[in-house]
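Trainee: Could you take me through how to read a helix, a chain contact and a salt bridge in a model like the one below?

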Amino acid sequence: MHPLVKLVAQRLALGAGTLLVVSALIFAGTEILPGDVAQAILGQSATPEAVAAIREDLGLDRPAWIRYLDWLSGFLRGDLGTSLANRVPIGEMIAGRLENTLFLAGVAAAFAVPVAITLGIVAARYRETWLDKAISIVTLSAISMPEFFIGYILIFVFAVKLFWVPSIASVFPGMSFADRLYAVTLPVATLSLVVIAHMMRMTRAAIVNVMASPYIETAELKGLTRARITLRHALPNALSPIINVVVINLAYLVVGVVVVEVVFVYPGMGQLMVDAVAKRDVPVVQATGIIFAATYVLLNLTADVLAILANPRIRHAR
Amino acid sequence: MAMLLEIRDLHIEALGEDGRWQEIVKGVSLELEPARVLGLIGESGAGKSTIGLAALGYARHGCRLARGSIRLEGEELFGATSEKLREIRGVRVCYVAQSAAAAFNPAHRLDDQVIEAAVQHGIMSPGEARAEARRLYAKLKLPDPATFGRRYPHQVSGGQLQRAMTVMAMVPRPDLIVFDEPTTALDVTTQIEVLAAIREAITDEGMAAIYITHDLALVAQMAHRIMVLRHGLEVEVGPTERILEAPREDYTRALVGVRRVQKPEKPRSGGAPLLEVRHVDAAYGAVPVLFDVSVCLEAGRTVAVVGESGSGKSTLARVITGLLPPRKGEVRLDGRPLPPSLKERAKDQLRRIQLVYQMPDVALNPRQKVEEIVGRVLTFYFGTNGAERRREVERLLEEVELPAGFADRYPAELSGGQKQRVCIARALAARPEVIICDEVTSALDVQVADAVLRLLLRLQEETGVAYLFITHDLATVKAIADDIVVMLEGRVVEQGPKSEILSPPHHPYTDLLLSSVPEMEVGWLDRVLRERAERKARGEAVMEAADR
Amino acid sequence: MRPRPSVLVGFAIIAVYVAAAVIGPLVSPYGEAEVVGDVWEPFSAAHPLGTDNLGRDMLSRLLWGASRTIGVALAATLLSFTIGMTLGYLAAVVGGWVDMVLSRAIDTLMAIPTLIFALVVLAVLPPSVVILILVIAVLDSTRVFRLARAVAMDVVVMDFVEVARLRGERLGWIVFREVLPNTLPPLIAEFGLRFCFAFLFLSSLSFLGLGIQPPAADWGGMVRDNANAISFGLPIPLIPAAAIAVLTIGVNLVVDWQLERSSTARRGA
């Protein structure tokens with residue numbers, strides 16, 4: 001077998017294994033409470049009947065591993081269970097919200113990725129000049145700030161003082177694409193700022209690293225133009241680290257939406273999960289948790305596989 | 001004759017750690033006629049690579065050409081615009097780097113990189129350049145010249161890459177090629193082949209060259225004139241014969257001088273061996289490295305284990321010290337078998353065999369003072385502490401010819417040679433019977449290395465310690481060994497007393513190894529190549545470098 | 001290398017915050033949960049930073065919050081270093097299957113996004129200070145493990161460690177005398193980064209209402225409590241949020257410098 005195929009297959013198998021363990025961990029995460037989960041969910045003042053009802057709902061009389069297998073097989077069949085709080089099937093609760101969250105993250109990614117890579121290349125090209133240092137200070141500040149700080153500053157300036165955009169990102173079914181885009185301006189800006197800062201710093205580091213390679217010196221000593229050195233000699237080698245940076249940051253984005261959705265009261269999965277945690281609605285927490293975690297695992301897996309594919313030493317094995 | 005390259009009073013500066021510019025080349029002038037070869041020789045830090053790059057009007061990141069003049073056929077490169085320099089680089093002056101493995105771009109095929117300069121500068125069409133590359137691949141004796149260029153850099157050996165890099169420099173037919181230590185990373189038997197190929201090619205093509213190296217014997221084979229550099233200054237310059245036969249400066253004399261260290265072979269005592277390696281097979285995981293290796297060391301003697309990279313000589317040291325338990329066979333000390341693994345050995349067994357490493361930089365803990373480094377051994381093995389320990393450390397430092405006050409220094413405050421002496425003092429502190437010396441002089445400059453060898457010989461006379469000397473450097477072997485073990489690909493090909501091994505008839509590999517070591521003599525390379533050709537013509541068995 | 005002005009700014013910021021955390025509750029003009037005025041009063045001599053959504057003095061709550069927020073984050077960071085470094089060094093020095101098992105386990109734990117894992121756990125556990133410290137420390141220790149193992153691996157392959165092994169030294173000597181002193185500089189920088197992470201993470205949890213619980217003052221919680229003020233044009237939630245941001249910026253400025261310093265020191269060696 002070609003070593004490339006073998007490596008990718010190994011990586012995919014490892015990814016599948018990781019997903020399985022992650023699902024078990026998330027299930028176990030809600031089981032670690034010493035004593036009775038039902039009692040803990042309802043609090044000390046709960047009536048015995050209510051406790052009994054929840055115990056039955058969660059199937060607490062059966063061993064944990066059987067409940068896990070049930071839960072997992074249900075999940076794989078698309079049955080995400082029922083909410084404890086309002087008795088609605090979780091699948092219905094999540095459907096629209098998942099779409100909203102993906103929309104928010106997608107728009108942010110579409111904006112942030114090109115900007116961050118461009119800035120990273122510019123900073124690397126003009127490294128150790130005032131421009132590079134200025135970009136460095138700004139991005140360092142941006143990654144130092146909590147998302148909600150950036151979010152509220154943007155709301156204060158652009159929504160409350162300038163009235164340019166709405167402060168609350170309300171979207172609803174049937175909204176036109178343009179209206180939706182307008183509604184999510186601020187959350188997208190908030191997410192983008194943080195992600196751009198991370199991605200740009202990592203892109204810069206990757207390019208500086210490649211530009212310091214001896215083969216770049218070889219290219220310079222051949223008298224090649226700067227454009228050719230960058231495009232032909234640096235880029236193919238910087239590609240794999242940059243792809244990695246992008247995908248890792250997309251994974252970050254998926255989780256970063258949680259706080260941003262709460263700031264902007266955006267009807268997405270993050271908001272739903274936080275509410276469910278506050279209400280101790282365990283089945284909803286499990287379902288949303290596994291969706292977030294799986295997305296994260298899959299994106300990181302993609303990064304690994306792309307990195308393997310972009311490596312010439314593996315592609316053209318001896 | 002008109003000069004091809006004229007450098008006048010060149011000053012080059014490097015950015016120091018304190019953020020200030022420091023001169024690393026302090027006013028060097030040189031000139032080079034067309035189709036001639038100038039050798040630049042010096043130790044690390046002499047500024048030779050920096051000067052070589054300046055011939056292309058180039059300074060590395062963190063360096064700058066401060067003042068002076070660099071003229072190529074009268075055209076000034078110093079302060080020239082980058083457009084102007086681009087028309088020179090890869091057209092009229094080309095560069096061959098020390099590590100071709102790093103200097104080739106891993107993402108592209110060899111051919112695409114080899115013809116790039118010629119095609120990009122419009123010197124040749126891609127088709128012409130490819131044909132020219134194929135012709136030169138053949139000329140440099142690369143395998144399958146027609147298809148060689150289709151491979152990626154990581155798919156060919158180090159020696160082949162170095163030749164491919166030479167082809168890359170020659171395809172645009174430049175007036176001048178700068179060779180920057182092109183064979184330093186290669187094994188000695190590969191080096192001679194690459195050397196011969198490079199020389200033939202530049203002579204036939206009528207190109208001028210600057211050949212940079214730290215090895216005077218080597219550059220004497222390549223250059224018409226030699227410039228000796230030290231600390232960024234010219235020591236002397238002259239025709240190769242003159243530099244070798246009548247050096248004017250002390251420094252040059254030291255470089256030319258045959259090693260002053262010369263130890264007569266000690267006769268065998270015929271007593272029981274002190275250290276014995278018996279029929280050892282060893283492997284790293286599933287990869288076998290040693291095959292039926294037997295070596296024997298008598299008290300007070302020196303056995304030199306010689307071999308090139310991959311010969312298994314360092315693995316042998318790991319087996320003896322117990323870092324790598326052998327698959328088969330055993331190691332005996334004083335007639336009793338040693339437990340195969342380090343963990344099973346008694347403290348006293350560990351004490352009796354000490355190791356000195358190649359790189360003193362990483363063999364000393366940078367966070368410990370010399371007193372702690374050497375003293376820990378005393379505390380650990382003999383329970384010596386306090387003032388007594390301090391006295392003993394100072395005595396050991398004097399033993400290795402270092403001032404007693406060095407006990408309070410950190411390794412970073414010592415030079416390379418001083419660090420290696422501390423490593424020797426640390427080994428001595430255990431009062432060992434065997435010291436394994438693993439390439440102990442190869443990271444040191446020639447003169448420092450000689451002094452360390454002399455120290456080791458004196459210590460042997462005083463303490464009667466036995467040395468197992470692992471090295472790839474035959475000059476060192478000739479200087480200090482009593483017995484020699486020659487290794488190739490994990491096997492011992494020949495062993496015996498120095499006088500026997502070094503005089504004919506040789507095993508074919510020993511012969512290849514011995515004849516590949518550059519000698520301080522003009523015309524050595526021609527002589528060796530001629531002899532090899534004659535013997536081949538006579539149908540004798542002549543081994544060739546594997547060049548993997 | 002001389003510190004840049006930005007580094008001095010960083011140190012000054014850290015000094016002010018440490019002072020606030022240590023003596024904040026002692027010098028605070030009012031009690032932590034004491035209602036002293038109207039809702040969202042403007043800045044005045046009596047209330048230099050105004051009042052919050054329940055009429056409590058903002059400055060007092062900021063000072064009380066300093067010791068709570070910084071204290072919990074610091075405790076979590078210390079604990080995460082204890083766990084992460086112990087396991088990381090163990091993996092690097094012992095190697096073999098110990099390393100494999102630990103690395104695999106940590107990799108899997110790191111495959112779950114930190115916030116999501118914390119949310120899942122906090123869905124069933126009460127958000128007490130101890131639980132918060134434990135959760136943050138365990139999640140954070142995975143990163144410490146990775147770094148500690150990596151830097152220790154770099155040192156373990158050095159010849160001077162082999163010298164100690166060949167001498168017959170015990171594991172304790174090798175870890176504490178040979179490896180540890182050579183791995184501290186990058187780990188010091190990492191301590192700053194991990195503290196920032198713990199601090200931001202705790203603030204985010206509190207902001208989501210799942211961290212330190214009211215009426216205890218906590219900066220993330222204060223942002224949440226006063227979030228509605230924004231729609232009235234009052235920048236009140238920005239005050240505690242800025243307090244969070246300034247500290248992390250300060251720590252990052254120092255960390256950046258420390259990282260650069262240790263990398264040039266290594267190159268110089």
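**A covered helix, a contact and some salt bridges**

Mentor: Helix H12 of chain A, residues 269-279, is mostly covered, with eight of its 11 residues buried; buried means under 20% relative accessible area, exposed over 50% and partly exposed in between, using a 1.4 Å probe and protein chains only. Helices are DSSP runs of H or I with at least four residues, numbered from the N terminus. This is a predicted model, in which local features need pLDDT of at least 70 and side-chain atom pairs count only at pLDDT 80 or more, while totals for chains, interfaces and linings use all residues. Residues are numbered from 1 along each chain as its sequence is written, chains are lettered from A and ligands numbered from 1 in the order in which they are written, and side-chain values use heavy atoms, with hydrogens and water left out.

Trainee: What covers the buried residues of H12(A)?

Mentor: Those buried residues include A:Met269, A:Leu272 and A:Val277, and their cover includes helices H5, H11 and H13 of chain A together with helix H4 of chain C. Just after H12(A), A:Arg280 takes a positive phi of about 60°.

Trainee: How many residues does each of chain A and chain C bring to the contact?

Mentor: Contact means heavy atoms within 4.5 Å, and here 45 residues come from chain A and 44 residues from chain C. Buried area is the accessible area (1.4 Å probe) that two parts lose on being put together, summed over both; between these chains that area is about 3,700 Å², of which carbon and sulfur atoms give 81%.

Trainee: Which residues form a salt bridge between chain A and chain C?

Mentor: A salt bridge is a side-chain nitrogen of Lys or Arg within 4 Å of a carboxyl oxygen of Asp or Glu. The count between chain A and chain C is one, formed by A:Arg201 and C:Asp256, whose closest N and O atoms are 3.7 Å apart. On the side of chain A that touches chain C, H7(A) supplies the largest share, nine residues.

Trainee: Where in chain B do B:Glu462 and B:Arg458 lie?

Mentor: B:Glu462 and B:Arg458 form a salt bridge, with the closest N and O atoms 2.9 Å apart; because they are four residues apart in helix H19 of chain B, about one helical turn separates them. B:Glu462 is partly exposed at 46% relative accessible area, and B:Arg458 is also partly exposed, at 27%.

Methods: Helices (H or I, at least four residues) and strands (E, at least two) are DSSP runs, numbered from the N terminus.
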